[in-house]
Amino acid sequence: MNRIGEMLVSAGKVSSDQLEQALEQQQKAGGRLGTHLVKLGFLEDDELVEFLSQRYGVPAINLAEVEIDETIIKIIPPDVSRKYTILPVSKAGARLTIAMVDPTNVFAMDDIKFMTGYNVEPVVASEAALREAIDKYYGSTHSIELKKVMEDITDTDDTDVEVLDEDDDIDLAELEQQSEEAPVVRLVNIILTDAIKRGASDIHIEPYEKEYRVRYRIDGILYEMMRPPIKLREAITSRVKIMAKLDIAEKRLPQDGRIKIKTKLGNKYKDLDYRVSVLPAIFGEKIVLRLLDKDNLMLDMTKLGFEAESLRRFEQAIFRPYGMVLVTGPTGSGKTNTLYSALQRINTPEVNIMTAEDPVEFNLTGINQVQMKEQIGLNFAATLRSFLRQDPDIVLVGEIRDFETAEVAIKAAMTGHLVLSTLHTNDAPSSINRLMNMGIEPFLVASSVHMIVAQRLVRRICSSCKEPFEVPNQALTTLGFKKDEIKSLQLFRGRGCDLCSGTGYKGRVGLYEVMDIDEQVRDLILTGASAYELREKAHDAGMISLRMSGLQKIRDGVTTLDEVMRETVD
């Protein structure tokens, strides 16, 4: 590919220094030189395609604007398409047009000609566009395997299955037999392992009247991944239930379970843990699996996203010998990770740490964790009362949901124990009002709660395709930036690449609002102040709000304007 590089330098498209940098990257990572020039930002995708088109006298094609017929796609098998990074585009008589990155690859064209019997005519497309189109038409690597699984299923007559009514007889033997058939077992295994490879946090398996789909939540956003035949609905549901040790005959009530498997990912074996929830919907049972991956558990508090001052205050609070520290935010905002990180920070052989969780998501060494079982009366309040007879130093309560739990937790905080817990509120100041609405007296709240942390998660800009971009000044001032800093402000976004699946984002980071309950705030609590008044006083004392935390992440080039606007309010 040096020849291409020299041609690009001669044409003034890139400089010699830029070519050297791209060649170094190519030596390290492999792949095509043109792709590295684009990734490094020295050349636009469209420029490269246009240059190759002119140089070789071959038409260029924008695959994003073309819809290719399924009969054309079937002419070339998926493994061959991936091997040569090519895609069949159209057919006219005995001539087959294929999109290629390198139109001089005669080996690929000869192979296609021999395999299909057609005369091959190349057109040029960018590598990123080709890979995206290959995934679109052939599916991901796992989707190819999924296709093979589907081909193994012998009954191909009717893909629509009638939903069983409540009064219909359930043949348990038949359900078990269906769930143990090789194609179904392989399909479920593919779904479970593919989610890990893609960095998903949740898997949604959803039945509808005429279709059946699987979605993954990646970095907080749901993406559709595959649509298995609807006739596999019952078999897949039964397979997941058997793996989670649930009742396959019970289709009318929600069920919760857990799946633990060991599988080979890459060159090493990995233990995978999934929390399973099955919910009866009108066209079948919807399944959601939460992936509990220890490798993704971030226990280093300095990397969670705290600003330096907020982290200092938070650490100061968790090292106190008694009192309550609350972490608040919606479901999926990273509260558990923050609390586990706090426990890991204060976990020493000299202290007895006990946790009451529903469910226990990760096993932490040196910490006594208890799983709640509401059906036998083992709830947060009952467990917390038992904890107090177990000589604890630090207690974690998974969630304060009701007056009884709040009352016991506050008593524990006032009798020499450090209590960590979570609440579901929008921000830190409104947590005070939430506790009082539960029935807790203002003087108890004021004397027991030492700190409240509100948090959100925003997506990180992909480091592989990060690039600067301009935003109108009006949008920046609306978000909260000051006019004098806008001139020097540099914003970034992700262009979209293979590493981030074209989204421009990879991973997430926390936004934190850390509210100290000092003497002035305590006085306001005792007088029954509103959340607004508490917020104003906390701001005066130096509290960084969620929005301010988001603005700092934008300044640091960690996230985008859109992400902060989506997760915070002024």
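Biologist: What makes S1, S2 and S3 an open sheet, and in what order do they lie?

Modeller: In this predicted model, the three strands follow the order S1-S2-S3, with mixed pairing. Strand S1 (86-92) and strand S3 (119-124) are the edge strands, since each pairs on one side only. The twist from one strand to the next averages 30 degrees.

Biologist: How do you know that S1 and S2 pair?

Modeller: Pairing takes at least two bridges between the strands. Six bridges join S1 to strand S2 (residues 95-100), and the two run antiparallel. Leu 87 stands opposite Ala 99 in S2.

Biologist: What packs on the sheet?

Modeller: Helix H8 (residues 127-138) does, touching S1 and S2. The direction of H8 makes about 70 degrees with that of S1.

Biologist: Which residues make the contact of H17 with H22?

Modeller: H17 brings Pro 429, Ser 430, Ile 432 and Asn 433. H22 brings Ala 531, Leu 534 and Arg 535.

Biologist: How do the residues of that contact divide into nonpolar, polar and charged?

Modeller: Four are nonpolar, two are polar and one is charged. Pro, Ile, Ala and Leu count as nonpolar and Arg as charged.

Biologist: Next, backbone geometry. How do you know that the peptide bond from Asp 358 to Pro 359 is cis?

Modeller: Its omega is near 0 degrees. Most peptide bonds are trans. Pro 359 sits in the loop between strand S11 (353-357) and strand S12 (368-371).

Biologist: What makes the phi of Asp 219 worth a remark?

Modeller: The phi of Asp 219 is positive, about 55 degrees, although the residue is not a glycine. Most residues other than glycine have a negative phi. Asp 219 lies in the loop between strand S5 (212-218) and strand S6 (221-226).

Biologist: Asp 391 also has a positive phi of about 55 degrees. Where is Asp 391 found?

Modeller: In the loop between helix H15 (380-387) and strand S13 (394-397).

Biologist: What does Leu 299 touch, not counting residues up to four places away in sequence?

Modeller: Tyr 340, Ser 341, Gln 344 and Leu 364. As for Tyr 269, Leu 299 is 30 residues apart from it in sequence and 22 Å apart in space, C-alpha to C-alpha.

Biologist: Which residues of H13 are buried?

Modeller: Ser 310, Leu 311, Arg 313, Phe 314, Glu 315, Ala 317 and Ile 318. The partners of these buried residues include helix H14 (335-346), strand S10 (323-328) and strand S14 (418-423).

Definitions and conventions: Residues are numbered from 1 along each chain as its sequence is written. This is a predicted model: local features need pLDDT of at least 70, side-chain atom pairs count only at pLDDT 80 or more; totals for chains, interfaces and linings use all residues. Side-chain values use heavy atoms; hydrogens and water are left out. Helices (H or I, at least four residues) and strands (E, at least two) are DSSP runs, numbered from the N terminus. Axes are lines fitted to C-alpha atoms, for helices over the stretch in contact, and angles run from 0 to 180 degrees between N-to-C directions. Contact means heavy atoms within 4.5 Å. Buried means under 20% relative accessible area, exposed over 50%, partly exposed in between (1.4 Å probe, protein chains only).
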